[in-house]
Amino acid sequence: MFRTWYHRLLLSYFPIFLLTVTILIFASFVFINDISRMETKKADRITASYLVDNVDRTIKEVQLSVLDTAESSDVYKRYFNDDGQTDAGAIYAIAQSLRNLTDKSPYIESIYLYDKRNESVLTETGLKSLSGFIDEDWIKRINSGSLPEGWQPVREYKDEFIQRTPVRVLTINKGMPLPFGSQGVLVINIKMSAIEQIVDSMVNEQLSYLTIAGSDGKTIYQAHSDSEGAANGKLLNTLYLERLGWQFSSGIKTGNLFSWVSVISYLWVAVAFGTVVCAVLYLIYVTRRNYKPIQVIMNRIEGHQIRTMDNSTNRPDEMKLIDGVLEDLINHLTDYDKKSRENLLLQRSKLFTDLLRSERTDNIVQRMEELSPLSGAHSSSRFTVVLSEINRYEEVFQERYTRGDQNTLKFALMNVFQELARGADLQGWVEWISTDRAAILFLATGTDEKMTGNIRIFAEECRTWVEQNLRISLSFGIGPVATGPGAIRDSYAAAENVMHHKLLMHEDIALAEGVEARQPLLETYKYLQMIAEFVKQFRMSSSQWRERLEEIFEAFERDFLQDDDIRSLIQAMLQMLSREVAVMSEQLQDELSAENTSLRLKLLGEAESIDVMKGILFEYLTDLFRTYVAVSETKSYRAMVSEIKNYIEENFANPDLSLKHLSDRFQVSGKYASYLFKTEFNMKFVDFLTELRMKEAEHLLLETDYSLQDIALKVGYANAISFGRVFKRVSGITPGDYRVMKRGRPNSRT
């Protein structure tokens, strides 16, 4: 449908623009409306709360003023404590007090006292009989108990002087004398009209309404007598006056409070509509302007591909056309870049290998200028080769990381070498020449001594940084400075020779001594003689085997043997030692088994220096020598051990038989006798003696009717308790249970 970039560009973001603007406008209106409603409700609640508090305070003040007067004046108490005699003075004083209270307060309709004893009522005009009193029905309800003390619901009340329409009053009944008297009742009638005036004065007739309902839910009063506002208005808050049990419902009248919001909304709608129209026009303008460069591109593409287009009248889809052209261009460029990088890397790697091995040296300087990262190299330049090797590559690096992680770490190591070389003002070229070894070719600057010192500092920084951040241990071999590309091979050979002697380097960074790699032939016959002498001293239980082993390691360092040669000679030494001494006992055979030997060789192979290797070997051989000496000494006393065994078998019933007894009998120490016995029979003396006694005890329990005490004495125990304890520990049951269980089974001895 939309074949041009212009329409796609315009209509791609136009709908979302309209949707976003519409949502924003709607959200703004909703937000403003919500804020207005919340603020209106908050303001209405504050006003209603103030009104309720004002009403509550008014009736409370009226109540307190009357009660304070009644409580502080003695005439009230004297009136109710007259002992049946009428006190005219008290009556007059109370009537005068009631008149004063009524005249002073615009809220009080009337006040009177009812005396239950005399069935009389005292008003502001004097003492009257209950019969015929204007409020007689109310007093009768009080006497009947249907009206509790406190504030009562709104009721109608007639004045005793003027015959007119009853007025609504709010009445409170209070027992007299105060505070909890039962001799009479104080009745206070408050004008509802006065309370209604308070409400009307605090309610805005045009904007809001207020309805007061009693505890029974019936409406007591509506502000300004406007029922239409309560019916059609919006209820906002409901408050309760606990003292009277009244419920105040307040709200706003429809169409008044939010009329100004509507006016503002119409204004903002007009502004929003105008903004949208302007935005649409601006979008069209910007889209048309941004489309011009694309139109130029389309013209060039169509002009280039006009020969391949058919004669159809349909206009081609711009998007498809651009996408196809760009995809072809990107594919070609990607393939070209990939092949170029691969070719460059291969050529660079091949050049690096040729330099290390001095192969294909024709035009070597020109190839270095074109491919190597070293700038300024020429035929008389000086170079230094440094080899870096990952220590314990197979045990640590390969087992700890996956293949992908290994490649990533190797790439990171190359970057570390490059960065640290640049930081040390060195020109370096790094390539991996094997799985665990990288070579760095440095272009020398300055004197040979200064160059070597800088490279040594560089190697130390690399080793420290890699060990701290990548948890990898590296070793470095630094070759001597060589002049000319053709001499790089000599520096490489010297560095490689150093790396073959890591055990003798005594540090992780070693400097080759000269251009010629010192690689003496291994004098195998000489070392085999030294190993044979060591084994002879060991087999003869001579302590001189340690001196012989020290001489072997000194020869390793003196002859500067390679690591592989040292490990091969040590392996041959252990094999020869195994053939000579393993036949002495099964324990020695186990110690010198192929499995244990391979474990020792693995530990020796993981050693990173000759001192560590020597320490591991000395520790192992020392333990082996102790075992060998113990076995040798044990062999000479084999006859004695056999005699001790026979003696125990013949005298196991002797309760005094012990290691001390044996040591006195055979003139050896008890500790040594126990050691020889355990070595020969793989069992402690006590366990062997207990086994003999328990076997004899089982036989006596099954074949005889001896008591447990008799059997205990016959097998070497002083009493049946000790015998029973040992028997249960060995057999799991007591001797008596064993006899019953075994004799209960037929053919138990067969």
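Q: Where is Asp425 found in this predicted model?
A: Asp425 is in the loop between helix 11 (403–423) and strand 13 (427–432).

Q: What is phi of Asp425?
A: Phi of Asp425 is near 60°. That is a positive value in a residue other than glycine.

Q: Is Asp425 buried or exposed?
A: Exposed means over 50% relative accessible area. Asp425 counts as exposed, at 68% relative accessibility.

Q: Where is the place of Glu119, and what is its phi?
A: Glu119 sits in the loop between strand 1 (108–115) and strand 2 (120–123). Its phi is positive, about 55°, although Glu119 is not a glycine. Glu119 is partly exposed, with a relative accessible area of 38%.

Q: Which residues does a cis peptide bond join?
A: Read omega here. The cis bond joins Met176 and Pro177, with omega about -10°. Pro177 lies in the loop between strand 6 (167–176) and strand 7 (184–191).

Q: How many residues has helix 14, and what does it reach from its first C-alpha to its last?
A: Helix 14 (residues 524–539) has 16 residues. It reaches 22 Å, close to the 22 Å expected at 1.5 Å a residue.

Q: Which residues of helix 14 are buried?
A: Start with the general idea. An α-helix has 3.6 residues a turn, so residues three or four places apart point the same way. Now the case. The buried residues of helix 14 are Tyr527, Met530, Ile531, Phe534, Val535, Gln537 and Phe538. Seen down the axis of helix 14, they fall within an arc of 160°, so they line one face of the helix.

Q: Which residue takes a positive phi just after helix 14?
A: Ser541 does, with phi of about 60°.

Methods: Residues are numbered from 1 along each chain as its sequence is written. This is a predicted model: local features need pLDDT of at least 70, side-chain atom pairs count only at pLDDT 80 or more; totals for chains, interfaces and linings use all residues. Side-chain values use heavy atoms; hydrogens and water are left out. Helices (H or I, at least four residues) and strands (E, at least two) are DSSP runs, numbered from the N terminus. The expected span of a helix is 1.5 Å times one less than its number of residues. Buried means under 20% relative accessible area, exposed over 50%, partly exposed in between (1.4 Å probe, protein chains only). The arc is that of the directions from the helix axis to the C-beta atoms.
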